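User: I would like to go through this model with you step by step. Could we begin with the terms that you will need?

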Amino acid sequence: MSMRRRPIKLTHQKIWSCLTAAVVAVAVTACSLVGVAYDNLEWYVLRETDGLVALTEPQKETLRVDFRRAQARHRAEQLPMVIAYLDGLADAAEYGLTRPQAECAVDWARGLYRETAALAVPASARLLASLSQSQQIQLSEALAERGAEYREEYLDPDAVRRVQVRAERATEFIEYLTADLEPPQRLSIEAWSDATPDTAEAWLNYRTAEQAALLSMLAQGASEAELEDRLRRWWVDRADIPPSLLAQVQVLEQSVVDLSLSLYRTLSSGQRQHAQRRLRNLADDLRALLPKSDGAVQGVMQPPSSVPALVDCGLTRPDL
């Protein structure tokens, strides 16, 4: 399913965050296409990055090598965690979901996102440090264009329309999991959209400020190590996020938990079964991508230290 999003920001960061954000959110493509999309990410990253800054052949080769190294790590370390997460959510769809489980699942997904985003930092810093002055200008222009596209898509001047569009996006995503929703269920999503904070403008302002700081560092000849530190603070740590925006995000996350629990209680057995099949099929498709050892698929590895263990969320069958 399409969420009608255009590629934005620095493409390599966007792609790597999507490996977790899109997959954990139960994807933006049909399950049968997940493996194809994953295996073609290298081509996509190279194409999109080249479109942003017109890479030289040496830059392309360096990015290609760095991407393969990062994807190998993701396949071995992060992909098993995504699979375990989806398996747990599938169990919850079948056996029930409690508030502590839902809140823990949100925390777990956030931690997994940070771990995945961190994989993009070294390669991105190396590429950024190699950009010529003309490439820096190209990047600045491309980021400004993406900002304009974001504003057009998410910042409709009509506040009522913005609420409606957010409800439509949420409904589209949820129906990907559950199949068609009933009218009362749709109304609950509309009420949620109307009541939750709209972070689109604050998020755009934050992102624009971070991009401006990064571009300034490039113009001043920042080293690869300095750029890596800056990207880590931005993409992984969110160190400079405004407190007001952080507070809004926390309220939004809690509202998502509330909506999830409210909707779950109203799902029919058919809707729950549909969601369970979606999650199981996606997990199985991703499981086929795991690295193999001696002809056998490796088992799920322990999560990195900053990612809470999924078992702590209780997202497992009650008899296990």
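Analyst: One definition sorts residues by type: Ala, Val, Leu, Ile, Met, Phe, Trp, Tyr, Cys and Pro count as nonpolar, Asp, Glu, Lys and Arg count as charged, and the others, Gly among them, count as polar. This is a predicted model, in which local features need pLDDT of at least 70 and side-chain atom pairs count only at pLDDT 80 or more, while totals for chains, interfaces and linings use all residues. Residues are numbered from 1 along each chain as its sequence is written, and side-chain values use heavy atoms, with hydrogens and water left out.

User: How many helices and strands are in the chain?

Analyst: The chain has twelve helices and two strands. Helices (H or I, at least four residues) and strands (E, at least two) are DSSP runs, numbered from the N terminus. In order from the N terminus, the elements run α-α-α-α-α-α-α-α-α-α-α-α-β-β.

User: What share of the residues is buried?

Analyst: Of the 320 residues in the chain, 47% are buried. Buried means under 20% relative accessible area, exposed means over 50%, and partly exposed lies in between (1.4 Å probe, protein chains only).

User: And among the contacts between residues at least 6 apart in sequence, what share joins residues at least 24 apart?

Analyst: That share is 85%. Contact means heavy atoms within 4.5 Å.

User: Let us turn to the second largest pocket. What is its volume?

Analyst: The second largest pocket has a volume of about 200 Å³. Of its 13 lining residues, those closest to the centre are Ala-70, Arg-73, Ala-118, Leu-119 and Pro-122. A pocket is found on a 1 Å grid over the protein atoms alone, as an open set of points where a 1.4 Å probe fits, with protein on both sides within 12 Å along at least five of seven lines; lining residues have an atom within 4 Å of a point. Grid points are joined across faces, edges and corners, and a volume is the space filled by probe spheres set on the points.

User: Which types of residue form that lining?

Analyst: The lining of the second largest pocket divides into six nonpolar, one polar and six charged residues. Helices α4 (57-95) and α5 (99-129) each supply at least two residues of this lining.

User: Next, helix α8. How far apart are its end C-alpha atoms?

Analyst: They are 19 Å apart, which agrees with the 18 Å that the 13 residues of α8 (residues 183-195) should span at 1.5 Å a residue. The expected span is 1.5 Å times one less than the number of residues.

User: Which residues of α8 are buried?

Analyst: They are Gln-185, Ile-189, Trp-192 and Ser-193. In general, an α-helix has 3.6 residues a turn, so residues three or four places apart point the same way.

User: What covers them, and what is on the other side?

Analyst: The cover of the buried residues of α8 includes α7 (159-178), α11 (243-266) and α12 (269-287). On the other side of α8, Pro-183, Pro-184, Leu-187, Asp-194 and Ala-195 are exposed.

User: How does α9 compare with its expected span?

Analyst: Helix α9 (residues 200-219) has 20 residues and reaches 28 Å from first C-alpha to last, close to the 28 Å expected. Its buried residues include Leu-204, Tyr-206, Arg-207 and Glu-210. Among the elements covering the buried residues of α9 are α5, α6 (133-154) and α10 (224-237). Just after α9, Gly-221 takes a positive phi of about 75°.

User: Which residues other than glycine have a positive phi?

Analyst: Ala-54, with phi near 50°, is one of them, and Ala-179, at about 70°, is another. Ala-54 lies in the loop between α3 (41-53) and α4, and Ala-179 in the loop between α7 and α8. Ala-54 is partly exposed at 43% relative accessible area, and Ala-179 also counts as partly exposed, at 26%.
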